[in-house]
Amino acid sequence: MSSQGFMSKIATPYAEALMESASADSILDKVNEDLSLISEILNESQELKTFFYNPLIAKEVKKNVVNQLFNNQVHSLVIRFLLVLIDRRRITLLDIIISKYLELVYQLQSIVVAEILTPIVLTDVQQSALVSKIRDITNSKTVKLVITIEPVLIAGFIIRIGSKTIDTSLHGRLKHISDYLNSASSISI
């Protein structure tokens with residue numbers, strides 16, 4: 001088993017517990033916002049991430065930092081959750097737990113997450129057209145786009161929904177033609 005798969009198995013019960021608590025308190029949207037904020041802060045501050053992931057720093061010091069940083073910014077449920085992760089030495093799994101949590105919430109709310117790779121910034125009209133088409137394809141009520149700019153694609157875009165990929169990029173088509181020509185040239189007559 002890969003270490004990522006192992007970490008994911010450890011993270012899932014924490015994500016499920018947080019989702020159940022947030023759902024019971026009817027604060028799923030607030031917790032989503034709070035976890036997105038925390039994830040953003042950790043991605044922007046490598047020092048903070050290193051601080052939380054360092055096993056030599058005492059739990060109490062980490063708890064004080066959590067309280068000082070997030071006390072008036074996030075819901076008390078999220079703070080209590082972070083403190084539990086620190087107590088159980090699972091704060092290093094926070095990124096994976098947040099991903100799992102959001103995945104579970106999106107399933108609960110019938111939200112489809114579509115990752116879009118494109119060489120240019122999409123306009124609002126293009127985004128709404130994509131959302132509409134993806135909604136039709138997946139029969140879902142809500143579609144959340146995660147857009148990543150990939151200049152190597154040249155033109156077109158790639159859509160990833162779960163394990164399915166739709167590649168309409170020029171890069172993908174050229175690669176397909178190249179693979180076809182390479183396989184055709186290896187056939188001896």
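## Salt bridges and a helix pair

The side chains of Asp179 and Lys175 meet in a salt bridge, 3.4 Å from N to O. The term salt bridge is used here for a side-chain nitrogen of Lys or Arg within 4 Å of a carboxyl oxygen of Asp or Glu. This is a predicted model, where local features need pLDDT of at least 70 and side-chain atom pairs count only at pLDDT 80 or more, while totals for chains, interfaces and linings use all residues. Residues are numbered from 1 along each chain as its sequence is written, and side-chain values use heavy atoms, with hydrogens and water left out.

Back to that pair: Asp179 and Lys175 both sit in helix α8 (residues 170-185), four residues apart, or about one turn of the helix. Helices here are DSSP runs (H or I, at least four residues), numbered from the N terminus. Asp179 is partly exposed at 41% relative accessibility, and Lys175 is partly exposed too, at 48%. For these labels, buried means under 20% relative accessible area, exposed means over 50%, and partly exposed is in between (1.4 Å probe, protein chains only).

Searching the whole structure turns up seven salt bridges. Here are some of them:

| Pair | Closest N and O atoms | Helix |
|---|---|---|
| Lys30 and Asp34 | 2.9 Å | α2 (residues 28-44) |
| Lys63 and Glu60 | 3.8 Å | α4 |

In α2, Lys30 and Asp34 are four residues apart, about one turn of the helix. Lys30 is partly exposed, with a relative accessible area of 31%, whereas Asp34 is buried at 2%. In α4, Lys63 and Glu60 are three residues apart, again about one turn. Lys63 counts as buried, at 15% relative accessibility. Glu60 and Lys63 also join Asp87 in a network of salt bridges.

Now for the packing of α4. Helix α3 (residues 46-53) and helix α4 (residues 59-70) pack at an angle of about 140 degrees, with their axes 10 Å apart. The two are therefore oblique to each other, a label for angles that are not under 35 degrees (roughly parallel), over 145 (roughly antiparallel) or 65 to 115 (roughly perpendicular). On the α3 side, the contact (heavy atoms within 4.5 Å) is made by Leu48, Phe51 and Phe52, and on the α4 side by Val61, Lys62, Val65, Val66 and Leu69. Those residues divide into seven nonpolar, no polar and one charged.

Note on methods:
Axes fitted to C-alpha atoms, helices over the stretch in contact; angles between N-to-C directions. Nonpolar A, V, L, I, M, F, W, Y, C, P; charged D, E, K, R; others polar.
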